[in-house]
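Subject: Structure handover

Hi,

As promised, here is the structure, with some notes to read alongside it. Please open it next to this email and follow along.

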Amino acid sequence: MDNDISNPAEVRKFLAGDPRVIAPQILGAVLTHHSESGPVSVMLTEVEAYMGPRDSEHPDPGSHTFGGPTARNAPMFGPPGFLYVYFTYGMHYCANIVCGPDGSPSALLLRAGEIVEGEGLAALRRPASKAHKDLASGPARLASALGLTTADTGRDALAAPFSLSLPSTPAAAVASGPRVGVAGPGGSTEYPWRFWIEDDPTVSKYKAAKPRIRNTAG
């Protein structure tokens, strides 16, 4: 898929919209991280949209922002195009791209993708992956393949050492459904805010959340 919309100003303008609208349109976009070890690029095949606090125009009980601003979720309250990376289950990093206008918290969790550049480096970072399609199939795998950690939270995904290019044409077939692993109302069919390219082998498998006392989010 061609990706020729890479001007940061254009991409940031695109990301300033509603993530529920952006999500199906961003599938096929390519995110690149030029680390000291070399570049890795992933074409996004699955994302989830997350909205705002309980007192906002679009409250989202599945979002990290639902309870209001914290030091951890601060990037989500900032301008679009920046990374929000969090650590979960004591072992995994998950990466989001902030959307919406500055001060209106929302983001897209990068759930899955296909490595289109730097497969060797991605494989070194993901030694447990046995096939190309598994290197970035799932949010933790995607973040790991790109070499992202919480040290990258708050960094601009549209400026060096990162870049994001949007697809020139939309994905041919996009499906949507409940978000993965989100407990409580935010994981119900009332929030069908997970979007993926149908029949793409890199898309992660759906798993409902196990009951938990506190919210999980993305």
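Let me begin with Y86, which is buried, with a relative accessible area of 5% (buried means under 20% relative accessible area, exposed over 50%, partly exposed in between, using a 1.4 Å probe and protein chains only).

Before going on, some ground rules: this is a predicted model, in which local features need pLDDT of at least 70 and side-chain atom pairs count only at pLDDT 80 or more, while totals for chains, interfaces and linings use all residues. Residues are numbered from 1 along each chain as its sequence is written, and side-chain values use heavy atoms, with hydrogens and water left out.

(Strands are DSSP runs of E with at least two residues, helices are runs of H or I with at least four, and both are numbered from the N terminus.) β3 runs antiparallel to strand β4 (residues 92-98), and 6 bridges join them; two strands pair if DSSP finds at least two bridges between them. T88 stands opposite H92 in β4. The hairpin has 3 residues between the strands, and Y89 takes a positive phi near 55° there.

**Aromatic rings**

The structure holds 3 aromatic pairs. Y84 and Y86 form a tilted one, at 5.7 Å centre to centre with 35° between the planes. To count as a pair, rings of Phe, Tyr and Trp (its six-membered ring) need centres within 6.5 Å; planes under 30 degrees apart are stacked, over 60 edge-to-face and the rest tilted. Y84 is buried too, at 0% relative accessibility. The rings of F87 and Y93 are also a tilted pair, because their centres are 4.9 Å apart and their planes lie at 45°. Here F87 is partly exposed at 37% relative accessible area, and Y93 is partly exposed at 28%.

**Helix α4**

In helix α4 (residues 139-146), the buried residues include P139, L142, A143, A145 and L146. They cover an arc of only 165° around the axis, so they sit on the same side of α4; the arc is that of the directions from the helix axis to the C-beta atoms. The buried residues of α4 pack against β1 (30-35), β2 (38-50), β4, β5 and α3 (119-125), where contact means heavy atoms within 4.5 Å. Just after α4, G147 takes a positive phi of about 75°.

**Cores**

Which residues have the most contacts inside the largest nonpolar core? They are L15, I26 and L164, in a core of 41 residues. β2 gives the most to this core, with 5 residues. A second, separate core has 9 residues, including Y50, M76, Y86 and C94. (A nonpolar core is a set of buried Ala, Val, Leu, Ile, Met, Phe, Trp, Tyr and Cys residues joined through side-chain atoms within 4.5 Å.)

S106 is in the loop between β4 and β5 (107-117) and is buried, with a relative accessible area of 3%. Leaving aside neighbours within four places in sequence, its contacts include Y50 and M76. G113 lies in strand β5 and is buried at 2% relative accessibility. G113 and V42 are 71 residues apart in sequence, yet 5.7 Å apart in space, C-alpha to C-alpha.

Happy browsing!
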